[in-house]
Amino acid sequence: MIQGSKADFPFFAEHLQEGRPVVYLDNAATTQKPYPVIDAVRRYLTESVANPHRGAYQLSGEATSRYEAARSRVAAFLNATSSDTVVFTKNATDSLNLVAESYGRRHVGEGDEIIISIAEHHSNLLPWQRLAQENGALLKYVYLDETGMFDMEQFRQALTDRTKIVAVTQVSNVTGIEFPVAEIVRASHDAGAVVVVDAAQSAPHIPIDVQALGADFLAFSGHKLYGPDGAGVLYGATCLLQDMPPISVGGGIVEEVTERTVRYMDPPLRFEAGTPNVEAAVGLHAALDYVDAVGFSRIRRQEQELTGYLVRTLQAIPGVSLYGGTEGVARHGVVSFNVGSVHPHDVATILDSQGVAIRAGHHCAQPLLNFLGIRFCCRASLSFMNTKEDIDALSDAIISVGRWFDGSA
Ligand SMILES: Cc1ncc(COP(=O)(O)O)c(C=O)c1O
């Protein structure tokens with residue numbers, strides 16, 4: 001029976017620190033796994049392991065069915081028109097690299113332009129930086145306004161008829177702020193550019209409808225959405241995927257090979273060379289069912305309430321600075337901050353000693369941190385299953401940081 005709370009996650013019962021469950025506030029990095037996901041993976045591993053798409057025997061057919069059912073489930077989750085638009089990858093990073101290396105290399109040339117935002121995670125920055133450098137294209141950045149929001153005006157001015165690709169995150173992994181992706185897509189399409197959406201931080205928090213967004217490509221990671229590691233997704237519009245060569249080549253992706261030639265299968269299998277990660281796909285399927293059973297309206301309600309409480313709690317602690325704007329912007333569960341001049345790694349270590357897990361560092365977004373005028377920061381990131389008591393524990397632990405440094409701890 002699904003509770004939509006920590007009771008669904010065995011981690012909190014089994015991983016105790018000094019007799020207490022860990023206060024886990026690093027959900028943007030990865031999420032804990034609920035029972036239905038663990039059970040689905042265990043069932044697959046104990047009942048029906050076989051190599052899919054290969055054997056003529058019944059067990060292989062069953063593995064194929066489970067793998068392809070997961071693909072259909074992802075398509076439904078994204079409101080995609082067909083499961084052929086869903087490519088399984090290792091993670092969002094792998095998905096974004098696939099677009100850059102396959103679509104990008106073919107369609108971006110000398111003098112063309114790629115636009116990204118300054119808020120991109122390195123996984124949606126480095127593939128474009130490398131492509132631009134190697135193909136002689138110009139990489140343009142759109143910066144943020146004073147509220148931490150993607151600057152639409154600046155973006156419209158940056159778009160030209162040489163813009164071939166616009167790649168943006170839907171939700172920042174540093175500020176949690178949601179960018180106006182549907183509007184970005186409309187403006188990009190008017191200029192003839194293709195849009196790649198990094199949904200790694202949005203998919204766990206808001207329903208995604210690729211048709212309503214109009215996205216050409218969209219990437220996310222199952223492990224940030226209560227699924228297992230190794231279940232990445234790339235959605236791609238059929239007409240674009242059809243025209244893309246595979247990057248990784250080998251078994252399982254060909255119609256015919258001769259000594260000198262190859263004819264590849266249609267997408268999505270064309271992009272999935274080698275034995276696929278069936279247990280990850282099966283786990284992702286269960287994770288999407290779990291999320292639907294909890295329901296996005298409840299997830300959003302709980303996360304919005306918790307995010308507001310987190311922001312207010314941190315603002316009330318003397319010496320704590322928050323990054324990325326706090327007023328008038330949609331913010332999904334992620335809040336970055338510093339505690340006076342204490343190094344974020346020291347903050348995270350002191351918090352850890354009190355059973356509170358947060359992230360500290362540059363969060364794979366160094367250009368954004370540079371734009372914000374900092375090198376490192378702490379980040380607390382929520383899931384719907386966190387509680388106000390978790391945030392109170394975070395607050396108590398942060399207050400104790402001052403005592404460590406004035407010697408009274
Ligand atoms: C916005 C964003 N994009 C991409 C990624 C990369 O995800 P993964 O490491 O699962 O490939 C992350 C991971 O934190 C992220 O936050």
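## Helices H3 and H10

In this predicted model, helix H3 passes helix H10 in a left-handed crossing. H3 covers residues 58-77 and H10 covers residues 278-294. Their axes sit 9 Å apart, and the packing angle is about 40 degrees. That angle makes H3 oblique to H10.

So who meets whom here? From H3 come Ala-63, Arg-66, Tyr-67, Ala-69, Ala-70, Arg-73, Val-74 and Phe-77. H10 brings Val-278, Ala-281, Val-282, Leu-284, His-285 and Leu-288 to the contact. Sort these residues by class and you get 11 nonpolar, one polar and two charged.

## Helices H4 and H5

Now look at another pair: H4 (residues 92-107) and H5 (residues 126-135). Their axes come within 9 Å and cross at roughly 25 degrees. Angles under 35 degrees count as roughly parallel, and H4 and H5 are therefore roughly parallel to each other. The crossing of H4 past H5 is right-handed.

On the H4 side, the contact involves Leu-96, Asn-97, Ala-100, Gly-104 and Arg-105. They meet Pro-127, Trp-128, Leu-131 and Asn-135 of H5. By class, that gives five nonpolar, three polar and one charged residues.

Is strand E10 mostly covered or mostly open? Mostly covered: E10 spans residues 232-236, and five of its five residues are buried. You can check this face by face. Gly-232, Leu-234 and Gly-236 lie on one side, Val-233 and Tyr-235 lie on the other, and all are buried.

Strands of a sheet pair through backbone hydrogen bonds, either parallel or antiparallel. E10 pairs with strand E4 (residues 86-89) through four bridges, and the two run antiparallel. In that pairing, Phe-88 has Val-233 as its bridge partner. Strand E9 (residues 217-221) also pairs with E10 in the antiparallel sense, over five bridges. There, Ala-219 is partnered with Leu-234.

Strands E11 (residues 254-257) and E12 (residues 262-264) make a hairpin, with four residues between them. The two strands pair in the antiparallel sense over three bridges.

Pro-267 has 22 C-beta neighbours inside 10 Å, so Pro-267 counts as buried.

What does Pro-267 touch, leaving out residues up to four places away in sequence? Its contacts are Asp-84, Val-87, Leu-241 and Gln-242.

## The four-stranded sheet

Finally, find the open sheet of four strands, ordered E13-E14-E17-E16 with antiparallel pairing. Which strands are at the edges? They are E13 (320-323) and E16 (359-361), each of which pairs on one side only. From one strand to the next, the twist averages 30 degrees.

E13 is joined to E14 (residues 334-339) by four bridges. One to look up is Ser-321, whose bridge partner in E14 is Asn-338. Helix H12 (residues 344-353) packs on this sheet and touches E14, E16 and E17 (377-381). The direction of H12 makes about 160 degrees with that of E16.

Key. Residues are numbered from 1 along each chain as its sequence is written. This is a predicted model: local features need pLDDT of at least 70, side-chain atom pairs count only at pLDDT 80 or more; totals for chains, interfaces and linings use all residues. A residue is buried if 20 or more other C-beta atoms lie within 10 Å of its own, exposed if 12 or fewer, and partly exposed in between; C-beta atoms are placed from the backbone. Two strands pair if DSSP finds at least two bridges between them. Axes are lines fitted to C-alpha atoms, for helices over the stretch in contact, and angles run from 0 to 180 degrees between N-to-C directions. Angles under 35 degrees count as roughly parallel, over 145 as roughly antiparallel, 65 to 115 as roughly perpendicular and the rest as oblique. A crossing is left-handed if the near helix is turned anticlockwise from the far one by less than a right angle, and right-handed if clockwise. Two residues are in contact if their C-beta atoms, placed from the backbone, lie within 7 Å. Ala, Val, Leu, Ile, Met, Phe, Trp, Tyr, Cys and Pro count as nonpolar, Asp, Glu, Lys and Arg as charged, and the others, Gly among them, as polar.
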